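Hi there,

I am handing over the structure we talked about, with a few notes to get you started. Have a look at it first, and then read on.

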Amino acid sequence: MIVFVTVGSTKFDALIESVLSADVLQSLQARGYNTLVVQCGDSQANILENTKGQATIVKNGVVCEVWRFKPSLEVEFERADLVISHAGSGTILEVLRRRKPLIVVPNSSLLDDHQQELANELSKGTYLVRSDVGNLGPTIMSMNPSELKEFPPFCGDRFRKIVDEEMGFC
Ligand SMILES: *[C@@H]1O[C@H](CO)[C@@H](O)[C@H](O)[C@H]1NC(C)=O
């Protein structure tokens, strides 16, 4: 099974470091994920030094493909069995519409962020799982993707205001 990690084009060093840590990779492996595809955007990734923006390693039994930018995110969302992402609203809504299990990790140093608010609301509704950088391994171990609710094909009142503000639609 495939996990896709994206921070969009943002810089989120701690999330990239976390997903490539032994703790998280062991958790992924234990839950049956054997391939990790990472789009690290602007984040620091030692593995990409002296490369043309793409490198693959095998660590803790998981094949880790790290990209600065993937040519097509749609393809990755579509083939992923689990997505782990920063709290970008566009990414969140796109993944939920594709009915893919999603773990959102907000960057806590970006205070007063509407995107975090959206992640919190959707996690309360159990449409996604919210985690943080230090707790990703345990989150992967304890989450049950089949317990997540399917995102409604319409914009429910519960999210209308927040989605409106963030995305300018509904
Ligand atoms: C959070 O975002 C800022 C701005 O993009 C970035 O500089 C910082 O590295 C990020 N925080 C972590 C913990 O990675």
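A polar contact here is a pair of N or O atoms within 3.5 Å. This is a predicted model, in which local features need pLDDT of at least 70, side-chain atom pairs count only at pLDDT 80 or more, and totals for chains, interfaces and linings use all residues. Residues are numbered from 1 along each chain as its sequence is written, and side-chain values use heavy atoms, without hydrogens and water.

Let's start with the ligand. A backbone N or O atom of lysine 11 sits 3.3 Å from a ligand oxygen, and one of aspartate 13 sits 3.2 Å from a ligand oxygen. Asparagine 107 uses a polar side-chain atom, 2.2 Å from an oxygen of the ligand. Alone, the ligand exposes 350 Å², and the protein buries 60% of that (Shrake-Rupley method, 1.4 Å probe). The residues around the ligand (a heavy atom within 4 Å) are Lys11, Phe12, Asp13, Ala14, Asn107, Ser109 and Leu110.

Now to two helices (DSSP runs of H or I, at least four residues). The axes (lines fitted to C-alpha atoms over the stretch in contact) of H4, residues 89-97, and H5, residues 114-124, come within 9 Å and cross at roughly 30 degrees. H4 and H5 are therefore roughly parallel (angles under 35 degrees).

Best wishes

Methods: Polar contact = N/O pair within 3.5 Å; in protein donor to acceptor, adjacent residues only side chain to side chain. Axes fitted to C-alpha atoms, helices over the stretch in contact; angles between N-to-C directions. Parallel < 35°, antiparallel > 145°, perpendicular 65-115°, else oblique.
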